[in-house]
Every structure is written in structure tokens, then in C-alpha cells.
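Please keep the sequence and the model in view while reading.

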Amino acid sequence: MLTILTLVSSLTPENFTQATAAPSLIKFYAPWCGHCKQLAPEYEKLSNLDLPFGVFEVDCSQFQSLCEVNKIAGFPAVMFIFNGNSHLYDGDRQAQKIVSWTEKMSRPVLSESSQINKSGVFFTVSTPNLEADEHIFAFAKGKYEIEAVKSEERAIICHSNGTEISSGFEGAKTFVSRNAFGAFPELTTENFDALIGSNLKILIISVEEIENFDKQAYLQIANQIQNSIPCWLNATTFRSFASNFNAQNGGKAIIIDYSESEKFYVSDIASPAQFLQFLRDVEAGKIEQFVVSNDSSNFVKYANYILLTIAICVVGSGVAFAWRCFSQKPEFEPELRTIAPAENSTPK
């Protein structure tokens with residue numbers, strides 16, 4: 001039996017507000033985007049399902065203002081609007097996965113239930129008032145399972161694959177920050193600001209020959225790294241950034257630490273064991289800080305010049321602008337920095 005796909009309804013500035021007054025799922029896309037084309041048939045399936053919300057799309061090449069208002073930084077972006085709140089989807093681009101996510105986003109974070117998936121990461125939360133504490137666990141909505149229990153005392157325990165790995169709210173926040181980007185992610189323009197904003201040490205391995213990079217070996221040590229986010233950097237793609245740390249040819253481990261003050265550490269490494277030992281030596285105070293020289297970071301000045309020029313133009317048009325122009329943090333190449341800093345979703 002053939003399934004006839006229904007076209008997804010398109011939104012424009014004229015009908016957007018009315019259409020999204022009710023629960024809505026919206027795909028923001030651009031016709032030239034390869035990932036958007038891959039998502040299209042899966043997203044089309046949603047229009048044939050009996051869902052309790054509308055399924056729409058916005059062509060950002062035609063209606064750029066809608067994408068700017070909704071703070072769309074990359075394509076495709078799938079947004080769920082429910083009870084006046086908007087949520088961006090960051091999971092697998094499969095129809096059923098998207099539907100499952102919307103179901104989680106439509107119900108309270110804290111609800112007494114024993115039917116949760118305990119095979120991965122989940123939290124056990126005890127509180128005398130589930131409704132009053134709902135906002136505290138907004139960071140987990142749609143991402144983590146929560147086993148909520150009414151109790152006179154407040155408590156939170158984080159579990160991973162059946163093992164208790166932390167207790168207390170600070171421990172939970174650290175765990176979420178450390179795992180928000182997956183296990184051993186690639187450092188890119190899309191996640192750079194969010195990683196830096198996590199207030200954890202960023203532990204980077206600089207890789208030049210990607211085809212020879214044994215990521216699985218580094219994944220095996222990722223669970224041994226606490227209070228730091230391990231990731232890898234394509235030194236060929238981001239050569240200017242890597243050159244700040246003399247890491248443009250790969251084979252270097254870099255620690256970026258903005259938790260208290262600006263600190264950098266660099267070391268030659270050739271194996272996962274050395275990668276792990278480097279972090280331990282830094283934590284033990286055995287490694288001297290690395291100084292980013294002005295000569296090796298000329299592109300930072302150039303980035304600041306570009307940002308300052310943009311700031312003058314934007315402020316002149318009366319639009320607010322985030323004044324990051326004089327920050328001397330090592331930046332990605334200006335032409336690649338197109339993604340706005342992600343908001344910190346973890347509670348204070």
C-alpha cells in the first residue's frame with residue numbers, strides 16, 4: 001500500500017503568530033542546505049501522523065526575519081512551541097525520535113512514575129512539592145529521565161547505566177555540563193562558545209590526520225575524566241586557532257580553563273594514556289601555564305577588528321549587540337564564526 005505524503009504547511013511573517021498560538025512543531029531550513037534535504041522526507045512523515053500539534057516549516061532564505069526573531073543559528077533547526085515556550089530539538093533526525101521528544105516536552109519534568117528508562121542516564125529526585133520544583137529541573141526536560149518521589153527532604157542522585165555517579169545538585173549540574181555535548185565531541189564553531197561557557201576545563205586533542213585518529217581509544221578513557229570536557233579538534237580545518245598553541249600539526253593536548261581566570265596548558269601527546277596523564281599533571285600543578293603570544297594570535301586581533309566594525313554598524317541601526325570585541329580569548333577564524341553563543345540552560 002502506497003503512503004501519500006502530505007505537504008508540510010509553510011509559515012510566513014503574516015501567519016506565523018496565529019499558527020503558533022497552539023502547540024506547533026516548526027522546521028527552519030534553507031533550500032541549499034544538504035542536511036535540510038536529508039531531513040525533509042523524515043519531517044514529511046510527521047504531517048501524516050495524528051499529532052496533537054501543528055507541523056510547519058519556514059524557508060529562511062525567503063523569511064530571514066522569522067529565523068532571526070527565533071534565534072535560529074544553523075540549519076536545519078526543529079523547534080517545538082508548547083505553552084508559550086520554545087524548545088530546539090538536538091537529537092537524531094528521525095520522525096519517531098522527534099515525536100518521542102515532543103511527548104517528553106509536553107509533560108511535566110517531575111511526575112511520580114516508575115516507568116522510566118533506567119538503561120542510560122537518569123536522575124532520582126526527592127522533593128516535598130513536585131510542581132514547585134519543576135522549574136529547577138528544566139535543564140533535563142526532553143533529555144534525561146527523572147524518577148520523581150515525594151519526600152519531606154530534597155535530594156538528587158545521578159545514575160549512569162545502573163551506577164550512582166553523583167549526588168547533590170552541584171554534582172548533577174557538573175554531570176550535565178560535562179555530558180551535554182556527547183562523549184568526546186569534535187570542537188566546532190557550533191559548540192565552542194557553549195563549551196567555554198560550561199565553566200569546566202576543556203581538554204582538547206589536536207588532530208591533523210583524521211583518518212589515523214583512533215577516537216574509540218580516547219572514548220575508553222573519557223569516563224575517567226571528571227570536571228573536564230574531553231574533545232578533539234581538526235587542526236587542518238581550524239589551523240589558525242590551533243596555531244595559537246603550536247598545535248597546527250596535531251599531536252598536542254590543550255587545556256582551556258576559563259572557570260576562574262584565563263589559563264592555557266599545552267603538551268605533546270601520542271596516546272590516550274598520555275592525554276589522561278597530562279590532565280592529572282595540570283590538576284597537580286606540575287605543568288606551567290602556556291602563554292599565547294601576540295605574534296601567534298594575529299587572527300584574534302583581526303577577529304576583534306571585524307567584530308568592532310560590525311558592532312558600530314549594528315549599534316548605529318539601533319539593534320543590541322553583545323560587546324565581545326575586546327576579548328582576547330583565542331577565537332576561531334572570523335569567516336567561520338557564524339554561530340551565536342548558546343545560552344546556558346543549566347540552572348544557577
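The points below are grouped by topic, after a note on the model.

This is a predicted model, in which local features need pLDDT of at least 70, side-chain atom pairs count only at pLDDT 80 or more, and totals for chains, interfaces and linings use all residues. Residues are numbered from 1 along each chain as its sequence is written, and side-chain values use heavy atoms, with hydrogens and water left out.

**Helix H4**

- Helix H4 covers residues 95-106, twelve in number, and spans 17 Å from its first C-alpha to its last, close to the 16 Å expected at 1.5 Å a residue. Helices (H or I, at least four residues) and strands (E, at least two) are DSSP runs, numbered from the N terminus; the expected span is 1.5 Å times one less than the number of residues.
- Ala95, Ile98, Val99, Trp101, Thr102 and Met105 are the buried residues of H4 (buried means under 20% relative accessible area, exposed over 50%, partly exposed in between, with a 1.4 Å probe and protein chains only).
- Viewed down the axis of H4, these buried residues fall within an arc of 160°, so they line one face of the helix; the arc is that of the directions from the helix axis to the C-beta atoms.
- Strand S2 (24-29), helix H2 (34-46), strand S4 (77-82) and strand S5 (85-88) are what the buried residues of H4 pack against (contact means heavy atoms within 4.5 Å).

**Aromatic rings**

- The whole structure holds 14 aromatic pairs. Rings of Phe, Tyr and Trp (its six-membered ring) pair if their centres lie within 6.5 Å; planes under 30 degrees apart count as stacked, over 60 as edge-to-face and the rest as tilted.
- Phe80 and Phe82 have ring centres 5.8 Å apart and planes at 15°, so this pair is stacked. Both Phe80 and Phe82 are buried.
- For Phe241 and Phe245 the ring centres are 5.7 Å apart and the planes at 65°, so this pair is edge-to-face. Phe241 is buried at a relative accessible area of 0%, and Phe245 is buried at 0% as well.
- A cluster linked by ring pairs contains Phe53, Phe80, Phe82, Tyr89 and Trp101.

**Strand S3 and its partners**

- Five of the six residues of strand S3 (residues 54-59) are buried.
- S3 runs parallel to strand S1 (residues 9-10), joined by two bridges, and Ser10 has Glu57 in S3 as its bridge partner. Two strands pair if DSSP finds at least two bridges between them.
- S2 and S3 also run parallel, with six bridges; Tyr29 is bridged to Asp59 in S3.
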